[in-house]
Amino acid sequence: MYLFLMKHRILGVGSLLSLLMACTTTEPPAPIPSDSPLRGTDFSQLPKIEAYNYMFKDANGNPGDALEILRNNGVNLIRLKVWNNPTGDGSLEELVPYVQRLKSLGFQTMLTLHYSNTWADPGAQSVPTQWENLSISELADSVRAFTQHVVATLQPEFVQIGNEINHGFMHPFGIRNDNGNFQTLLAAGIEGAKAADSNITTILHYAGYDNAMNFYATVDSLDYDWIGLSYYPKWHGTSLSTLSQTCFSLGDSFLRPVSIVETSYAFTLGWNDWTNNHIGGTSDLHPDYPATPQGQADLMADLRAITDSLGTGLVYWGGELVAYKGPEATDGSPYENQALFNFQGIALPALKTLGQEP
């Protein structure tokens, strides 16, 4: 198994500390040896987009299967959201055939378990309706069983226990405070994942770099494997040096690999449907990276430099979120100007940057 995939508990502490200390010098950090760092994108919405017969194209404008275009550009991992619903968006009903397709194309998979009926992030962590009236012990049992079932069914290489859990998850039960319920529920999820696959890489996912050290100190006793961060300049700040320093400090302090599991950036401030975009003005941008195809690619290259030095990898978010419902849709894509395909469906330079060999 590649070094960057090995569990922190298997490594000799002395050798890992030596690696991490070497990465915190003033010189550019030496890459941790690995054959293939993660070069991934969250592509959760592809089944819905394909239902609209949207045409994806490679960089030369040739129509093709979106997943094959990703693979041909070096992408080796697809990240997928999992919601706690029996059918529909993010359900196992949707994901089973999708994951089978991904595996047939040679992709690794990373699941992000939201444990909710809908989107979970730092501002929204709702308990699923079917678990609303459970005690904390019953909820932990449900989390353990649900996670074990999902992992056993989809057999991913990586699984996130919660999505951007800065303030906890499944509120009000799992609010991050001093009562320990947050850690209890996380432990249940980790146990469920490892019961299904003892070799799986479990990830705890924090959005941004501010207060990340404090967050991971509160979960350090848990038996998880990787630290996963989100980084979006609009919400998390524009200092890549601070981001890099935080990543290496986290690895040094908690003896776990650190990866960026979510990021994206605009290639234009234009729009391709009537749905408001999350990035719509110059104030939403990083001052060093214009909203152009090259600016998007340049930021990905600089983030790749960080994660390649960490020996882990970079995962793009919303690479597929083109304006698939048409130019007048008011319920279309708020990310069409951050996708990895332009308004004509042509693969952007950022895709090649994301997937190229280090």
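Predicted model: local features only at pLDDT ≥ 70, side-chain atom pairs only at ≥ 80, totals over all residues.

Colleague: How far should the 15 residues of helix H9 span?

Modeller: At 1.5 Å a residue, helix H9 (residues 240–254) should span 21 Å, and because its end C-alpha atoms are 21 Å apart, the two values agree. Just after H9, Leu255 takes a positive phi of about 55°.

Colleague: Which residues of H9 are buried?

Modeller: An α-helix has 3.6 residues a turn, so residues three or four places apart point the same way. In H9 the buried residues include Leu240, Leu243, Ser244, Cys247, Leu250, Gly251 and Phe254.

Colleague: What does Leu243 contact beyond its neighbours within four places in sequence?

Modeller: Leu243 is in contact there with Tyr209, Leu229, Tyr231, Ile260, Leu303 and Ile306. Leu243 and Leu303 are also among the residues that touch the most other members of the largest nonpolar core, which has 89 residues. A second core, separate and of 8 residues, has Leu38, Met110, Trp226 and Val261 among its members.

Colleague: At what angle do helices H4 and H5 cross?

Modeller: The axes of H4 (residues 92–104) and H5 (residues 136–154) cross at roughly 35° and come within 10 Å. Residues meeting there include Leu95 and Val99 from H4 and Val150 and Leu154 from H5, and the contact divides into 6 nonpolar, 2 polar and 1 charged.

Colleague: Is Thr147 buried or exposed?

Modeller: Thr147, which lies in H5, counts as buried because its relative accessibility is 0%. Leaving out residues up to four places away in sequence, Thr147 touches Leu113, Tyr115, Ile161, Gly189, Gly192 and Ala193.

Conventions
Residues numbered from 1 in each chain as written. Heavy atoms only, no water. Helix = DSSP H or I, 4+ residues; strand = E, 2+ residues; numbered from the N terminus. Expected span 1.5 Å × (residues − 1). Buried < 20%, exposed > 50% of the residue type's maximum accessible area, 1.4 Å probe, protein only. Core = buried A, V, L, I, M, F, W, Y, C linked by side-chain atoms within 4.5 Å. Contact = heavy atoms within 4.5 Å. Axes fitted to C-alpha atoms, helices over the stretch in contact; angles between N-to-C directions. Nonpolar A, V, L, I, M, F, W, Y, C, P; charged D, E, K, R; others polar.
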